[in-house]
Amino acid sequence: MAKVEFREERCKGCGLCVAVCPKKIISLKTTVLNSKGYHPAGVEEMDKCIGCTMCATICPDNVIEVWK
Amino acid sequence: MEKVFSRTEGLLDKPMHYCPGCTHGIIHRLIAEAMCELDILEETIGVSPVGCTYNNYEYFACDMVQASHGRAPAVGTGIKRVHPERMVFTYQGDGDLAAIGTAEIVHAAARGEKISTFFVNNAIYGMTSGQMAPTTLIGQKTTTSPFGRDPQVQGYPINVSEMIATLEGAVYVERVSVSSFKDIKNAAKAIRKAFRVQQAGLGFSMVEILSTCPTNWGIDPVGAIEWLEENMKKKYPLGVFRGKDLEV
């Protein structure tokens, strides 16, 4: 059991986490805009998360925290 | 569940002004984490450069000073000599360190100043909107080399780490990258080592960090990471150029 939490307001939608996720469960939420006007990243199938911290490690904007 | 990745106390909780996908944010975090791990946050004074990171004193939780363009190693020298008990680092880009500040960095290294320099190389001038830098690759298009850098006209790129490594005062010089998970972990190790070299009073330490500039390269952030992997690593190979066997 693992989970990641995204601070959507800080996300700039760069997609580095999307590319690096080994389980390919991160995507940009194209129906959501944060106040800066970016589509923030998020996870829909959280049960597939393995808590590897790769997304949080590559995130340039300190958006992600990980629990395992 | 246990928290396995949390935000570092070494950075203030402010949104950074960098473009989406700019790897400066990762490098800031690595330096901040290293200061926390070594428990030197309270005693460190950082020197901000001129460039995209001119106001990174807004982000680091340690004391910071902002220097004139390229003069961060000179300012760092002054701070360290007046306060030898403090840890001093400079954070500089390629426009700051490899162009206008070449004299300062070379002589700070030659004098063996006991400071640590984190040199971010993204092969372009970011802040001023994408002009050619001394580190721009042959053939790379920028606003001032629109047909690609031609060595007959604009000369050759400078491998700063290799150059600094020839100086006796530089005891630890390594080039790392932040383009993959593994590279980021290695970069974190190198940054910690640079601080430990300074703690041990051995001399000048520098870590060159290959970085992306998606906006001025004109590539999306993920494509920029690939461009770095394919092009920059060939010209700027990763590795330790001085202090390989250094135990600190």
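**Exercise 1.** Find the bridge partner of A:Lys3 in E4(A), and then work out how the side chains of E1(A) are arranged.

*Solution.* In this predicted model, A:Lys3 has A:Trp67 as its bridge partner in E4(A). The two strands involved, E1 (residues 3-6) and E4 (residues 64-67) of chain A, pair in the antiparallel sense over four bridges, where strands are DSSP runs (E, at least two residues), numbered from the N terminus, and pairing requires at least two DSSP bridges.

**Exercise 2.** Determine which strand of chain B is joined to E4(A), and in which sense the two run.

*Solution.* E4(A) is joined to E1(B) by two bridges, and these strands run antiparallel. Within this pairing, A:Val66 stands opposite B:Phe5. A:Glu65 also forms a salt bridge with B:Lys3, with the closest N and O atoms 2.9 Å apart (a side-chain nitrogen of Lys or Arg within 4 Å of a carboxyl oxygen of Asp or Glu).

**Exercise 3.** Describe the extent of the interface between chain B and chain A.

*Solution.* Counting heavy atoms within 4.5 Å as contact, 28 residues of chain B touch 29 residues of chain A. The buried area, meaning the accessible area (1.4 Å probe) lost on being put together, summed over both parts, is about 2,500 Å², with 60% from carbon and sulfur atoms. Four salt bridges are found across this interface.

How values were computed: Residues are numbered from 1 along each chain as its sequence is written. Chains are lettered from A and ligands numbered from 1 in the order in which they are written. This is a predicted model: local features need pLDDT of at least 70, side-chain atom pairs count only at pLDDT 80 or more; totals for chains, interfaces and linings use all residues. Side-chain values use heavy atoms; hydrogens and water are left out. Buried means under 20% relative accessible area, exposed over 50%, partly exposed in between (1.4 Å probe, protein chains only). Buried area is the accessible area (1.4 Å probe) that two parts lose on being put together, summed over both.
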